[in-house]
Amino acid sequence: MNQSDVLPHLFRTEYSKIISVLCKQYGFNQIEIAEDITSETFLVASQVWGLNGIPENPIAWLYAVAKNKAKNLIHRDSIFQKKILPTYQRDQKAFEVELDLSDENIMDSQLRMIFALSHPTIPLESQIGLSLRILCGFGIEEIARAFLSNRETISKRLFRAKEKLRENNITLDFPPPNEWEERLTSVLRTIYLLFNEGYSSQSQDRILRKDLCLEAIHLSSLLLEYKETNTSEVNALLALLCFHISRFDARLDSEGEIVLYGDQDRSLWNEDFIKKGEYFLHQANQDPKFSKYHLEANIAYWHTLPDGSEKKWETIFQLYTGLLELEPSQIILLNRAYALFRAKGREAALKEMDGLDLKSNPYYFYLLGELYLGIEPKKAKDYFREAFSFAKTEADKSAIQRKLDLI
């Protein structure tokens, strides 16, 4: 890694660790102070390292500075002394104990933070924004680019989200046993949406989009480090994410335009992620209990197999049928219709499409165009034009236009 890349890399990997430990020790209601201490730590690093070079152990250096800054704040900051300490309800000895930045405490603190930021009382959009900022170390500008927004809007959104945390008295305590499963479901939903924010984003920043996906995988992996959260559902979600990201580099061409599944260059698929996905899927299938993530992971697994694989598309069709029982959705019906097309042909898929109500969905019209290509080319062209009229992104429009140009 180049020297210029070291500090940005460490900011991404260590920022959330330091904030999580600070919040665990001093209270989640001091999250802004924790952010200030952490940001100042990295500011000092940029100044000192710029002059003296990168230290031999840069992580230990960052932790030492963070500890000292926390001590200085507690002992010297008059506002902290006069206004915060007197109203603090927990054991005030917490402020006298040196910050514990051991691996064990870091992991425990991060897990607590994941549960806090995924609390069901916080709007989903805010959960993702806070997770990007606090758990993933994304800057405000990066989050704004990911959401195709601006710095001011994102800052206000994060501020409102933190106010919501205070209003609901959210703490870093683990949920009680009777709420554990429900809260873990909320955590997985947040991670799933975080991944999709990168995988399906309209942003043209390919590096940023991939970073979002990798951070979601990192957070899922973190859950496996604890007995209570190393569940079959977590393994299934991680398998799903690994299978999806394995095709990330093949989904976009050099111009940033979408490459459809059937046209992708398999040599660009990441075999390491596919193998990881297979491992986590095997772990998930050890437990008879299954979830939507199990079914989606199995669908994604079958998509990694060559088209000549026996019963590939028949199996995917059946998996979508099972997913419909858990989560009825017109989009799942649309995906199932495509699987039926690949398994049984155009006529069977067209019958399946009759029952769909997706009259403003570009993918609905795109699939109709695909189905009519081998039957009525003129009708197919009309459907592709309909798809183009409803497409919301330039990438989708380009993909549809390329199809039109071939007819």
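In this predicted model, His 303 belongs to helix α14, which covers residues 292-303. The relative accessibility of His 303 is 12%, and because residues under 20% are classed as buried, His 303 counts as buried.

A second point of interest is the pairing of two other helices. Two packed helices are described by the angle between their axes and the distance between the axes. For helix α5 (residues 103-117) and helix α9 (residues 180-199), the axes come within 8 Å and cross at roughly 85°. The helix α5 is therefore roughly perpendicular to α9. On the α5 side, the contact involves Ile 114, Phe 115 and Ala 116, which meet Trp 180, Arg 183, Leu 184 and Val 187 of α9. Of the residues in this contact, 6 are nonpolar, none is polar and 1 is charged.

Helix α20 comprises 13 residues, 394-406. At 1.5 Å a residue, α20 should span 18 Å, and its end C-alpha atoms lie 19 Å apart, so the two values agree. At its N-terminal end, α20 is capped by Thr 393, a side-chain oxygen of which lies 3.0 Å from the backbone nitrogen of Asp 396. Asp 396 is also one of the buried residues of α20, together with Ala 395, Ala 399, Ile 400 and Leu 404. The elements that cover these buried residues include α18 (362-372) and α19 (377-390).

Definitions and conventions. Residues numbered from 1 in each chain as written. Predicted model: local features only at pLDDT ≥ 70, side-chain atom pairs only at ≥ 80, totals over all residues. Heavy atoms only, no water. Helix = DSSP H or I, 4+ residues; strand = E, 2+ residues; numbered from the N terminus. Expected span 1.5 Å × (residues − 1). Buried < 20%, exposed > 50% of the residue type's maximum accessible area, 1.4 Å probe, protein only. Contact = heavy atoms within 4.5 Å. Polar contact = N/O pair within 3.5 Å; in protein donor to acceptor, adjacent residues only side chain to side chain. Axes fitted to C-alpha atoms, helices over the stretch in contact; angles between N-to-C directions. Parallel < 35°, antiparallel > 145°, perpendicular 65-115°, else oblique. Nonpolar A, V, L, I, M, F, W, Y, C, P; charged D, E, K, R; others polar.
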